[in-house]
Amino acid sequence: MQAKMQLLKALQELDQELSQIRQQQSGLEQEQAAMAAEEGRVQDMVDSLLRDLEGLESERNALRQSLGQEQEQVQRSEGRLSEIKTQKEYLAVLKEIDTAKKVNKDLLDKIQEKESQMAALRQEMDEKQSELDGLRAQLAERGSEISAALQAFGKVLEEKDAERQAHLEPLPSTLRKRYQQLMDRRGGIAVVEAKDGTCTGCHMHLPPQLFNSLYRTTDIQSCPHCSRLLFVVPISE
Ligand SMILES: [Zn+2]
């Protein structure tokens, strides 16, 4: 087989290996990105729960402050009772105390309600936090495996790329261009064997004259149907 065709065949093998490695590489990169996105999603949930919790806490604190004020009011009113001279005034203060105590009871109920909401949120947040911790541990472990694999792939790609350049250099630029166009347009297969009068790339019959000439010519010939570059395995091989 002629030298150019040998180079093209070897080049195609290299390109197919390179494309497989790049596919594996991008698969790993996608896996890494998906894990990071999941981590971000759970982190957002934890953050949002924390904000809700802080909101409830400040509501509860405001209620506690009101309660404290009301309790002071009750104490003041109770202190005044001993100094009161008239029955009417006495009853009025008693009523005042009673009303304030009802308000306090109401405030206490509200505070308890806020606190039970807070406890539920805390539990939810703890669950999400431990989910997040798990994801982080997973990301650290799988992430370092992926990084090591990507690094190894990077090295192989570099070597294969250099090999590819060495195969490419001796070829005339028009042939390089033709090869590259075919690789792009014909699903990564630019060079195919012609066998039993047929192109094995597109499985169409080749004109007999063209097929026979492949055994003699030193020119690179194309399939008239799919344009791929044809080679034959000599009968003696
Ligand atoms: Zn063809």
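Mentor: What follows takes the labels one at a time and sets the values against the cut-offs. Keep in mind that this is a predicted model.

Trainee: Start with the metal site. Which atoms coordinate the zinc ion?

Mentor: The SG atoms of C199, C202, C223 and C226 coordinate the zinc ion, at 2.2 to 2.3 Å. Along the sequence, the donor residues follow the spacing C-x2-C-x20-C-x2-C.

Trainee: Why is the arrangement around the zinc ion called tetrahedral?

Mentor: Four donors count as tetrahedral if all angles lie between 85 and 135 degrees. The 4 donor atoms here subtend angles of 106 to 113 degrees, so the arrangement is tetrahedral.

Trainee: Are C223 and C226 buried or exposed, and how do you know?

Mentor: Buried means under 20% relative accessible area. C223 has 2% relative accessibility, so C223 is buried. C226 has 4%, so C226 is buried as well.

Trainee: Now A190. Where is A190 found, and what makes it count as buried?

Mentor: A190 is in the loop between α3 (173–185) and β1 (191–195). Its relative accessible area is 0%, and the cut-off for buried is under 20%, so A190 is buried.

Trainee: Which residues are in contact with A190?

Mentor: Leaving out neighbours within four places in sequence, the contacts of A190 are Q12, Y179, L182, M183, R228 and L229. A contact requires heavy atoms within 4.5 Å. A separate value concerns A190 and L8: their C-alpha atoms are separated by 8.7 Å, while the two residues are 182 residues apart along the chain.

Trainee: What about a pair in helix α1? How far apart are L14 and L63?

Mentor: L14 and L63 are 49 residues apart in sequence and 74 Å apart in space, C-alpha to C-alpha. L14 itself is in helix α1, which covers residues 3–80.

Trainee: Why is L14 called buried, and what does L14 touch?

Mentor: L14 has 4% relative accessibility, against a cut-off of under 20%, so L14 is buried. Beyond its neighbours within four places in sequence, L14 is in contact with K160, E163, R164 and H167.

Trainee: Take N104 the same way. Which helix holds N104, and why does N104 count as buried?

Mentor: N104 lies in helix α2, residues 87–168. Its relative accessibility is 9%. Buried means under 20%, so N104 is buried. Residues up to four places away in sequence aside, N104 touches L67, E70, Q71 and V74.

Trainee: Next, charged pairs. What makes D15 and R164 a salt bridge?

Mentor: Side chains of opposite charge can pair when their charged atoms come close. The cut-off is a side-chain nitrogen of Lys or Arg within 4 Å of a carboxyl oxygen of Asp or Glu. For D15 and R164 the distance is 2.5 Å, N to O, so the pair is a salt bridge. D15 lies in helix α1 and R164 in helix α2, so the pair ties together parts that are 149 residues apart in sequence. Both residues are buried.

Trainee: How do E31 and R142 meet the criterion?

Mentor: Their closest N and O atoms are 2.6 Å apart, and the limit is 4 Å, so the pair counts as a salt bridge. The pair links distant parts of the chain, with E31 in helix α1 and R142 in helix α2, 111 residues apart. E31 has 29% relative accessibility, so E31 is partly exposed, and R142 has 26%, so R142 is partly exposed too. E31 and R142 also belong to a network of salt bridges with E145.

Trainee: What does the pair of R64 and E115 tie together?

Mentor: R64 and E115 form a salt bridge, with the closest N and O atoms 3.0 Å apart. R64 lies in helix α1 and E115 in helix α2, so parts 51 residues apart in sequence are tied together. R64 is at 43%, so R64 is partly exposed. E115, at 29%, is partly exposed as well.

Trainee: How many salt bridges are found in the whole structure?

Mentor: The search finds 15.

Key
Residues are numbered from 1 along each chain as its sequence is written. This is a predicted model: local features need pLDDT of at least 70, side-chain atom pairs count only at pLDDT 80 or more; totals for chains, interfaces and linings use all residues. Side-chain values use heavy atoms; hydrogens and water are left out. Helices (H or I, at least four residues) and strands (E, at least two) are DSSP runs, numbered from the N terminus. Buried means under 20% relative accessible area, exposed over 50%, partly exposed in between (1.4 Å probe, protein chains only). Donors are N, O and S atoms within 2.8 Å of the metal (3.2 Å for Na, K and Ca); water is not among the atoms, so sites may look incomplete. Four donors count as tetrahedral if all angles lie between 85 and 135 degrees; four count as square planar and six as octahedral if opposite donors are over 155 degrees apart and all others between 65 and 115; anything else is irregular.
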